[in-house]
Amino acid sequence: METYSLIVLTLAATLRVATPLLLAALGAMFSERSGVIDLALEGKMLGAAFASAAVSAVTGSAWLGLGAGILTSVALAMINAFATVTHRGNQVVACMALNIAVAGLGPTLALAWFNLGGQTPQLDGPDQRFGELVWPGAPAARAHPFPGLLYAELLSGHSLIVYLAAALVPVAAWALYRTRFGLRVRAVGENPLAVDTAGISVAALRYQAMLISGVLCGVAGTYLSTAASAGFVRDMTAGKGYLALAAVIFGKWKPYPTLGACLLFAFTDALASRLQGVALPVVGVIPVQFIMALPYVLTVLLLAGFVGQAVAPRVIGVPYSKEK
Amino acid sequence: MSAAKQLPRWADLTLLPVIGLVAALLVSGGVIALLGESPAQALKLMVSGAFGTQDAIGYSLYYATNFIFTGLAVAVAFHAGLFNIGGEGQAYIGGLMSGLVCLALGHWPFWAVLPAAVVAGAAGGAAWAFIPAWLQAKRGSHIVITTIMFNFIASSLMTYLLVNVLIKPGQQSPETREFSGSTVMPAAHELLARIGITFTPSPLNLAFGLALAASVLVWIFLWRTRWGYELRVTGQNPAAAVYAGISPPRVIVAAMLLSGALAGCLGLNELMGSQHRIVIDFPAGAGFVGIAVALMGRNHPVGIFFAAVLFGALYQGGSQLSFDMPKINRDMVVVIQGLVILACGAMENLFRVPLAALFGAFGGAVPPPRDRAGEGTRPPAGKQS
């Protein structure tokens with residue numbers, strides 16, 4: 001019984017940890033498929049986390065916070081697009097620049113505006129956070145652990161953004177594989193010259209793909225500061241943006257495998273916090289750091305071609321120039 | 001880009017970085033003004049905080065030492081067409097190795113410890129760069145992604161080692177015991193005192209000299225040896241390199257080993273020179289500052305030296321600024337760093353094109369570009385197919 005409820009709780013934690021990864025990863029799937037390296041997930045999420053927490057703290061509305069988070073993330077994505085698509089700058093350099101600038105800008109603005117040492121105020125008002133939605137009958141269902149606990153913990157009791165992220169997976173898959181826009185995005189990452197010859201603007205497509213990534217990273221960042229926790233703290237993304245990109249690669253730039261990778265990576269995270277200092281049978285205590293490093297090790301193994309093969313969009317990282 | 005819009009080489013090497021820096025400082029000044037402080041006053045405080053006193057200069061150059069090592073590391077990889085974002089992890093593992101040498105050889109004299117620590121640090125950094133390099137060379141794994149992953153793996157590994165293995169017994173904070181006196185880098189003020197110059201104590205130490213020596217060696221390697229030539233050819237045109245009988249996979253591995261080795265020397269300054277023990281997260285972002293330094297310094301050791309001193313001054317001046325302006329903290333320096341990378345790296349075409357047009361309008365005929373080794377806008381040579 002004890003083990004059962006532990007497993008259910010770990011799985012529920014997995015869903016919560018996976019949410020920001022999934023949102024950012026779905027966004028990156030579009031920008032990367034259009035041929036632009038999206039290393040800036042980290043910065044876009046962090047910027048959105050700050051903006052949403054700050055606006056929510058001032059206005060008392062998590063929804064206004066969400067709007068601010070999305071706007072901030074989109075603004076960063078557009079700066080990125082301006083540098084790399086319009087001016088054909090190095091995509092990796094542009095992303096690192098944004099990540100670093102945002103890592104400094106968040107705490108700087110937070111200190112000046114709220115004077116709390118680089119954080120935003122604690123969000124404890126009734127509408128300042130995206131609270132947990134309790135489904136009908138969930139509290140009562142706990143009385144019958146199987147399947148009541150599954151219902152109460154796994155299906156019910158998450159914030160709206162968790163359900164939104166889950167619903168976005170089929171939407172993203174449909175958009176990428178069943179719409180004209182999706183076909184063009186996939187084509188422009190494989191052969192931009194052909195797309196250009198067909199009279200379709202390569203730059204416009206890449207801007208649109210990066211806009212999608214901006215919106216989704218905005219939601220992901222908002223989730224971090226106004227749903228998963230109650231406010232912005234310094235460096236609160238803590239590498240989640242890079243982990244999300246790893247999930248896209250691990251998911252071979254495809255929606256459902258990417259979902260699987262996000263769940264796997266989130267599960268290792270949830271497991272690591274459960275296993276902290278717990279002695280397991282046979283193997284004893286597994287150091288938490290080893291479990292935490294697992295997603296990164298797996299991604300390297302995949303990129304090395306030892307676990308399946310990851311084939312990136314063909315022209316990823318190469319600025320498109322009409323004149324050549 | 002059409003051939004008419006080329007910049008003269010001197011402008012590429014000096015004017016563009018300066019314009020980028022000015023643009024970054026202007027935007028930062030806007031942020032400071034937005035926070036309700038005077039940008040001019042902030043700049044004044046930062047300059048005096050970085051160069052106003054002897055110990056301020058010492059601190060600035062001490063930070064610069066770290067950035068010379070990581071900047072050279074990024075630059076060497078850049079010349080081979082590779083983007084090494086893993087300087088942070090390579091510095092971490094290299095520093096671990098230097099630190100372990102200091103802990104193990106505490107009874108040796110300094111002149112014997114120093115080469116051992118340098119070799120260990122370089123070997124540790126090179127080893128951490130080797131796997132991503134090999135995967136790029138042999139299996140086409142994108143080196144940007146693998147080096148980022150290796151940063152996180154290094155961080156997990158070091159946390160594990162410091163919390164569980166290397167920690168000094170009976171203490172809370174995850175750090176080792178202190179290095180013995182004979183394994184510590186001589187401080188600059190001690191060395192200067194020996195030749196009769198008094199200098200206020202600061203963490204500036206012999207590692208600064210080692211960083212300068214490394215800069216000279218990198219220059220000789222890149223521009224005065226066959227290996228350096230092969231490396232630059234591979235970076236500029238892998239197809240031509242193959243045609244000339246150069247093996248790009250071998251060059252990729254060699255360039256990354258050298259790059260990792262340079263980053264691995266960070267521990268010589270940070271641990272042996274200042275902390276005198278292995279502490280958690282000692283690279284503290286220096287690997288990423290290296291990107292900004294290499295971009296601003298146009299991947300040339302001389303440029304890297306000036307850019308590293310500039311960033312050292314920013315770090316030291318930034319701490320001073322946060323004392324004097326309570327509304328501003330040291331994170332402001334990180335903002336400036338990001339903006340410099342944006343302006344000097346990603347957006348340089350924004351300045352290059354109008355500047356070239358200007359030169360074209362006033363300068364008449366401009367000689368065609370020769371070796372534009374400093375160009376950082378090439379995508380990394382990651383072949384993913």
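Tutor: Let's start with burial: a residue is buried if 20 or more other C-beta atoms lie within 10 Å of its own, exposed if 12 or fewer, and partly exposed in between. Keep in mind that this is a predicted model.

Student: So is B:Asn299 buried or exposed?

Tutor: B:Asn299 has 24 C-beta neighbours inside 10 Å, so it counts as buried. You'll find B:Asn299 in the loop between α13 (286-296) and α14 (301-324) of chain B.

Student: What about the backbone there? How do I read phi?

Tutor: Most residues other than glycine have a negative phi. B:Asn299 is not a glycine, yet its phi is positive, about 60°.

Student: Where does A:Ala238 lie, and what is its phi?

Tutor: A:Ala238 sits in the loop between α10 (202-228) and α11 (240-250) of chain A. Its phi is positive too, near 45°. With 13 C-beta neighbours inside 10 Å, A:Ala238 counts as partly exposed.

Student: Now helix packing. At what angle do α14(B) and α15(B) pack?

Tutor: Angles over 145 degrees count as roughly antiparallel. Here α14(B) and α15(B), residues 331-346, pack at about 150°, their axes 8 Å apart, so α14(B) is roughly antiparallel to α15(B). The crossing is right-handed.

Student: Which residues make the contact?

Tutor: From α14(B), look for B:Phe311, B:Leu314, B:Tyr315, B:Gly318 and B:Leu321; from α15(B), B:Met332, B:Val333, B:Ile336 and B:Gln337. Sorted by class, the contact has seven nonpolar residues, two polar and no charged ones.

Definitions and conventions
Residues numbered from 1 in each chain as written. Chains lettered and ligands numbered in written order. Predicted model: local features only at pLDDT ≥ 70, side-chain atom pairs only at ≥ 80, totals over all residues. Helix = DSSP H or I, 4+ residues; strand = E, 2+ residues; numbered from the N terminus. Axes fitted to C-alpha atoms, helices over the stretch in contact; angles between N-to-C directions. Parallel < 35°, antiparallel > 145°, perpendicular 65-115°, else oblique. Left-handed = near helix turned anticlockwise from the far one by under 90°. Contact = placed C-beta atoms within 7 Å. Nonpolar A, V, L, I, M, F, W, Y, C, P; charged D, E, K, R; others polar.
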